[in-house]
Amino acid sequence: MRLRIERKKEDPTKLSIFLMSIFSVLASLVILGFIILSLGKNPIDAYIQLTSWPFGTIAGLTQTLVSMMPLLFTSLGVLIAFKMKLWNIGAEGQFYMGAFAATWGALFLFNKISNPWIMLPLLAIFAAAFGGAWGAASGWMKAKLGVNEILSTLMLNYIAIYWVNYLVYGPWKGKGSYNFPITATFPKSAILPQYTSDGLNLGIFLAIATSFFVYYLLRWTKFGFHMDIVGDNPTAAKYSGINVGKMTIAVLALSGAISGLGGMMQMSGVLFRLQPNFSPGYGYTAIIVAWLARLNPFVAIVVAFLFGGLLVGTQQIQLFLQIPFSLVSVFEGLVLFSLISGEALLRYKVKIGGVKV
């Protein structure tokens with residue numbers, strides 16, 4: 001039997017892409033329901049717990065916003081790279097490096113600074129620089145050595161995570177930590193203004209402001225225009241005078257800087273100390289958020305909010321229904337698989353023995 005895949009002549013419309021995204025999420029929820037059923041639990045009860053607490057109560061909404069913040073920063077980071085068809089899978093590592101830099105600055109380099117108006121901008125710049133350097137390293141390897149950025153960014157994730165683990169289990173373990181692998185607590189000057197006892201802080205507003213910045217950058221600047229040209233046709237961009245190598249390094253550096261900034265916000269706004277496994281995979285979930293948002297910085301705000309609620313809701317169903325937290329990863333994987341499959345069906349047609357499917 002002969003199988004043939006052909007690209008469709010017409011690109012999918014915005015409406016068909018939107019409907020496909022909705023269908024992908026619904027299909028993932030249905031499959032997730034069967035998985036929950038196989039665990040001996042009622043999927044309806046699970047969905048009620050999943051949505052009622054994070055979106056239906058003040059305390060739950062606060063926690064949803066707190067979870068949304070790192071997701072929005074990291075999704076904006078990968079969104080910029082994806083816009084130029086650079087597949088940055090390293091937001092997790094860049095997030096970790098931002099958290100590392102913020103901790104280094106708060107506890108060791110700038111710990112004598114008592115004014116938060118000086119300390120916090122310094123930490124933000126420091127974290128963005130380290131996250132940016134982590135992204136730029138992959139950009140340099142791609143531009144100069146031809147190394148695939150998917151592999152390099154993914155591998156750098158592991159280096160960043162193990163580096164942080166080494167520090168918190170070793171030289172940075174706090175004296176008052178009772179032998180737990182955590183650093184000392186940040187000084188007051190390194191903590192973002194808090195608005196509720198549940199951890200809602202200035203970082204969420206800075207994350208939303210970053211969405212506006214990213215939109216402006218992509219839509220209204222020469223840099224964003226060059227990104228479009230390089231993303232559409234690198235060869236044509238090269239002949240038009242654009243330095244594709246420099247653009248690659250710059251875009252991945254900017255992508256990493258925004259994710260690194262998210263790491264600093266998580267440390268100064270939520271956790272106040274570095275610890276192992278402080279991220280439940282924000283950098284990986286960010287890929288799905290950016291994809292579902294169709295690389296639109298404003299839509300990313302909404303999608304990050306929904307996925308923040310999903311993280312909070314899953315903690316609830318784990319508590320009340322004893323369903324494993326790893327179910328969130330299963331759901332994210334299902335959504336990503338459905339999105340990619342739907343995208344392929346929209347752009348390609350499959351013929352089996354001359355019959356179109």
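Biologist: About 240 Å³ of space lies in the second largest pocket. What makes a set of points a pocket, and what makes it a cavity?

Modeller: On a 1 Å grid over the protein atoms alone, a pocket is an open set of points with protein on both sides within 12 Å along at least five of seven lines, whereas a cavity is a set of points where a 1.4 Å probe fits but cannot get out. Grid points are joined across faces, edges and corners, and the volume is the space filled by probe spheres set on the points. This is a predicted model, in which local features need pLDDT of at least 70 and side-chain atom pairs count only at pLDDT 80 or more, while totals for chains, interfaces and linings use all residues. Residues are numbered from 1 along each chain as its sequence is written, and side-chain values use heavy atoms, with hydrogens and water left out.

Biologist: How do you know whether S67 is buried or exposed?

Modeller: Buried means under 20% relative accessible area, exposed over 50%, and partly exposed in between, with a 1.4 Å probe and protein chains only. S67, in helix α3, has 12% relative accessibility and therefore counts as buried. Leaving aside neighbours within four places in sequence, S67 is in contact (heavy atoms within 4.5 Å) with Y282, G308, L311 and V312.

Biologist: What lines the largest pocket, by class?

Modeller: The largest pocket has a volume of about 1600 Å³ and is lined by 44 residues, with W291, L292, A293, R294 and L295 nearest its centre. By class, this lining has 30 nonpolar, five polar and nine charged residues, and the largest share, eight residues, comes from α12.

Biologist: How many cavities of 30 Å³ or more does the structure hold, and which residues line the largest cavity?

Modeller: The structure holds one cavity of 30 Å³ or more, and about 50 Å³ of space lies in the largest cavity. Its lining is made of L32, I36, L50, L310, T314, I317, L327, V328 and F331, which divide into eight nonpolar, one polar and no charged. The elements that give two or more residues to this lining are α1, α12 and α13.

Biologist: How do you know what span helix α1 should have?

Modeller: The expected span is 1.5 Å times one less than the number of residues. For the 25 residues of α1 (residues 14-38) this gives 36 Å, and the end C-alpha atoms are 36 Å apart, so the two values agree. The buried residues of α1 include L32 and I36, and what covers the buried residues of α1 includes α2, α11 and α13. Just after α1, G40 takes a positive phi of about 85°.

Biologist: Why is the pair of F82 and W87 called tilted?

Modeller: Rings of Phe, Tyr and Trp (its six-membered ring) pair if their centres lie within 6.5 Å, and planes under 30 degrees apart count as stacked, over 60 as edge-to-face and the rest as tilted. A search of the whole structure finds 20 aromatic pairs. The centres of F82 and W87 are 5.3 Å apart and their planes stand at 55°, so the pair is tilted. F82 is buried, at 4%, whereas W87, at 31%, counts as partly exposed.

Biologist: What makes Y96 and F278 a tilted pair?

Modeller: Their ring centres are 4.4 Å apart and their planes at 45°, so this pair is tilted. Y96 lies in helix α4 and F278 in the loop between α10 and α11, so the pair ties together parts that are 182 residues apart in sequence. Y96, at 2% relative accessibility, counts as buried, and F278 is buried at 7%.

Terms used: Helix = DSSP H or I, 4+ residues; strand = E, 2+ residues; numbered from the N terminus. 1 Å grid on protein atoms, 1.4 Å probe; cavity = no way out; pocket = protein on both sides within 12 Å on 5 of 7 lines; lining within 4 Å. Nonpolar A, V, L, I, M, F, W, Y, C, P; charged D, E, K, R; others polar.
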